Amino acid sequence: METLVKVLKKIKIKNIIILILLIVFNTYAWFIYATRVSSEISVHISSWNVEFSVGEDETITNLIIAVEKIYPGMETTEKNVTVRNKGEIKAELNYQIRSLKVLDESFTVGENITQEELVNKITNEYPFKIIVSKDDTLLKEGSGEGAFCVTVEWPFESGNDELDTLWGNKAYEYYSTNPEAKSIEIEIDLIAQQIGG
């Protein structure tokens, strides 16, 4: 008993308070650590995977159509693009015409023409027709398929003889001075936009 009394005399109350505080803080830290480790968050990020393809091997989102020569009754030029949605989110197809070159005239959206003005020019100012069509259905997630089709045609009788003659003469003069150049080049951005998600 005497040794116990000697030990207690050596231990001061200040040391006991520090020991109690250390035990309390360590216990508090352990509970915080145990709480943080046991909580978990589970998140799933939906994948976005839309594939554009022309033919077997080519994958694109930017399409360029080039036509060698234009004239009334020319053979129709057509380019088809298949779109497959392999992701987990529905998609909607759309397109924007980036640029158009007809003979020696060039138009680039954002530089010398707006998108609306270019579409209006293509629709109303030429006897030949540049038609961009798209599948309007939504591409469902995982297995949805759609298509873009770009067609350039100039029927023998477009219905406007004056316009046929004007552009026929322009095309002839252009070929005479630029035999290697393309008559029409149109650049189109193909777009698949997420729907929902």
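This report describes the fold, salt bridges, aromatic pairs and surface of a predicted model.

## Basis of the model

Because the structure is predicted, local features need pLDDT of at least 70 and side-chain atom pairs count only at pLDDT 80 or more, while totals for chains, interfaces and linings use all residues. Residues are numbered from 1 along each chain as its sequence is written, and side-chain values use heavy atoms, with hydrogens and water left out.

## Overall architecture

The protein has four helices and nine strands, where helices (H or I, at least four residues) and strands (E, at least two) are DSSP runs numbered from the N terminus. Read from the N terminus on, the elements follow the order α-α-β-β-β-β-β-β-α-β-β-α-β.

Of the contacts with a separation of 6 or more, 76% join residues 24 or more positions apart, a contact being heavy atoms within 4.5 Å. Of the 197 residues, 28% are buried; buried stands for under 20% relative accessible area, exposed for over 50%, and partly exposed for values in between (1.4 Å probe, protein chains only).

## Salt bridges

Four salt bridges are counted, each defined as a side-chain nitrogen of Lys or Arg within 4 Å of a carboxyl oxygen of Asp or Glu. Arg-98, Glu-187 and Asp-189 are linked in a network of such bridges. The Arg-98 to Glu-187 bridge has an N to O distance of 3.2 Å, and since Arg-98 lies in strand S5 (residues 90-102) and Glu-187 in strand S9 (residues 184-195), this pair ties together parts that are 89 residues apart in sequence. In the bridge between Arg-98 and Asp-189 the closest N and O atoms are 2.9 Å apart, and this pair again links strand S5 with strand S9, across 91 residues. Arg-98 is partly exposed at 37% relative accessibility, whereas Glu-187 is buried at 18% and Asp-189 is buried at 18%.

Another bridge joins Glu-125 and Lys-121, with the closest N and O atoms 2.7 Å apart; here Glu-125 is partly exposed at 37%, while Lys-121 is buried at 13%.

## Aromatic cluster and charges over rings

The whole structure contains four aromatic pairs, for which rings of Phe, Tyr and Trp (its six-membered ring) must have centres within 6.5 Å, with planes under 30 degrees apart called stacked, over 60 edge-to-face and the rest tilted. The rings of Tyr-126 and Trp-167 have centres 5.0 Å apart and planes at 75°, so this pair is edge-to-face. Tyr-126 lies in the loop between helix H3 (115-124) and strand S7 (129-134) and Trp-167 in helix H4 (residues 161-177), so the pair ties together parts that are 41 residues apart in sequence. Tyr-126 is buried at 2% relative accessibility, and Trp-167 is buried at 6%.

Phe-128 and Trp-167 also form an edge-to-face pair, at 6.0 Å centre to centre and 85° between the planes. Phe-128 itself is buried, with a relative accessible area of 0%. Tyr-126, Phe-128, Trp-154 and Trp-167 form one aromatic cluster. The charged end of Lys-170 sits over the ring of Trp-167, 4.1 Å from its centre, a placement that requires NZ of Lys or CZ of Arg within 6 Å of the ring centre and within 35 degrees of the ring normal. Lys-69 is likewise placed over the ring of Tyr-175, with its charged end 5.2 Å from the ring centre.

## Surface

The protein exposes about 13600 Å², of which carbon and sulfur atoms supply 54%, with areas from the Shrake-Rupley method using a 1.4 Å probe and, for residues, only the protein chains shown as cover. Ile-16, Ile-20 and Val-24 make a nonpolar surface patch of about 260 Å²; patches consist of residues with over 30% relative accessible area and no salt bridge, like charges being joined within 9 Å and nonpolar side chains (Val, Leu, Ile, Met, Phe, Trp, Tyr) within 5 Å. Ile-20 belongs to helix H2 (residues 13-38) and is partly exposed at 48%.
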